[in-house]
Amino acid sequence: MDIGARAKKILHAVVSEYLATGEAVGSQTVTRRYGLDVSAATVRNVMGDLEEVGLLKHTHTSAGRIPTERGLRYYVDTLLRVRSLSLGEKDDIRERLGGAPDVPEVMQRTSRLLRELSHLTVVVQAPRPESDSVQHLEFVRLREGQLLAVLETASGQVQNKLVPVDFPIDPAELEHINNYLQDLANGLTLDQLRVRLVEEIASDRAAHDALVARALRLATAAVPAESAAEVLVDGQSNLLSGNTDFDRAKALLRTLEEKDLVVRLLDRTLSAPGICVFIGAEANLADLTDVSVVAAPYGTEGRPLGTIGVIGPARMNYSRVIPLVDFTAEMIGETLTKP
């Protein structure tokens, strides 16, 4: 939508004022505070035009106007001036995320960091097992008739699983099996590995090589079934701060507790190339229209591992929150994919 340069400036002023105060914005406020060099009457006329095209609306209690969902979307997509984080802020995030001993600690630090810096509710999706690549797959003999499968992923997660065996296997055979499976699985995601195992089982080699057939049988038993990634939710109390509609806040809290809608929303973000902003009904959270979500995937290019995001009022400080979430996601990706 091309609304013209003057209308863009006035819309920017109205939305900026609304985000800062939460109050309806009148023409006098725009004229006095934003130096547009036009009369209040002109601003009023333009605001009326913006209301006609669905970018602004009147409130019941004031002659001023506030942005609609569509107006906020236009502002975020077209008018928003996102400020970069300072070098000090970036260094602080690096320091707080660096040196975490394992994935759960990275996730905990991330949720705490975003909660403290954004003052919003935080959702952190742990690395999705299906998207994580296999770095090491090995079977260790425990006792007769039982092996321990050790599967380590690129993000540092380790899964151990007991696998019963009903055939004799000596140390030399086990070494050959481990070497074969390591070559087969290395670098594949769990999704890709499952597909590869099916293909290999159907191949001529598996039909004519007993050792390969045993290796594939063991690997099929060892690879975990598909499972949903863990989602951490932190800072729920931030939904109850300020001039909160408590009924709406309670509905959102129930949604966050159930997590299904949140997981679906985060999964939508996984396929995005970068930061995502869901405004109002776009977020599809508890049918609430005054809620926004800013989320970003983390991982390596072409292989996202999970998603982080913040949830707050539609009038959140987007210019601050967007770079905060984006840079934090970048740092998580670096932390989890370091060799």
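A salt bridge here is a side-chain nitrogen of Lys or Arg within 4 Å of a carboxyl oxygen of Asp or Glu. Keep that rule in mind for this tour of a predicted model, in which local features need pLDDT of at least 70, side-chain atom pairs count only at pLDDT 80 or more, and totals for chains, interfaces and linings use all residues. Residues are numbered from 1 along each chain as its sequence is written, and side-chain values use heavy atoms, with hydrogens and water left out.

**Stop 1: the whole chain**

Start with the cartoon view. The protein chain has 13 helices and 10 strands; helices (H or I, at least four residues) and strands (E, at least two) are DSSP runs, numbered from the N terminus. The radius of gyration is 26 Å, well over the 20 Å that the globule rule gives for 339 residues, so the chain is more spread out than a compact globule. That radius is taken over C-alpha atoms, and the globule rule is 2.2 Å times the number of residues to the power 0.38. Turn the model along its principal axes and the C-alpha atoms fill a box of roughly 90 × 40 × 40 Å.

The accessible surface comes to about 17000 Å², and 48% of it belongs to carbon and sulfur atoms. Such areas come from the Shrake-Rupley method with a 1.4 Å probe; for residues, only the protein chains shown count as cover. Buried residues make up 47% of the 339 residues, where buried means under 20% relative accessible area, exposed over 50%, and partly exposed in between (1.4 Å probe, protein chains only).

**Stop 2: salt bridges along helices**

Select R94 and D91. Their side chains meet in a salt bridge (3.1 Å, N to O). Both residues lie in helix α5 (residues 87-97), three residues apart, about one turn of the helix. R94 is partly exposed, at 39% relative accessible area, and D91 is partly exposed too, at 46%.

Next, go to helix α4 (residues 69-79), where D77 and R73 sit four residues apart, about one turn of the helix. The closest N and O atoms of their salt bridge are 2.9 Å apart.

To see a network of salt bridges, select D92, R96, R115, E116 and D234 together.

**Stop 3: into the cores**

Hide the surface and show side chains. A nonpolar core is a set of buried Ala, Val, Leu, Ile, Met, Phe, Trp, Tyr and Cys residues joined through side-chain atoms within 4.5 Å. The largest one has 59 residues, and L11, L50, M107, V294 and Y318 touch the most other members. Helix α13 (residues 318-337) gives the largest share of this core, 10 residues. A second, separate core of 28 residues includes F167, A185, L197 and A215.

Zoom in on L11. Not counting residues up to four places away in sequence, L11 touches I3, L50, L55, L56, Y74 and L79; contact means heavy atoms within 4.5 Å.

Then select I279, in strand β8 (residues 276-279). I279 is buried, with a relative accessible area of 1%. What is in contact with I279, leaving aside its neighbours within four places in sequence? The list is E69, L72, R73, V76, V291, S292 and Y318.

**Stop 4**

Most residues other than glycine have a negative phi. D37 is not a glycine, yet has a positive phi of about 60°. Find D37 in the loop between α2 (27-34) and α3 (40-52), where D37 is exposed at 77% relative accessible area.

H119 also has a positive phi of about 60° without being a glycine. Look for H119 in the loop between α6 (103-118) and β3 (121-125). H119 is exposed, with a relative accessible area of 57%.
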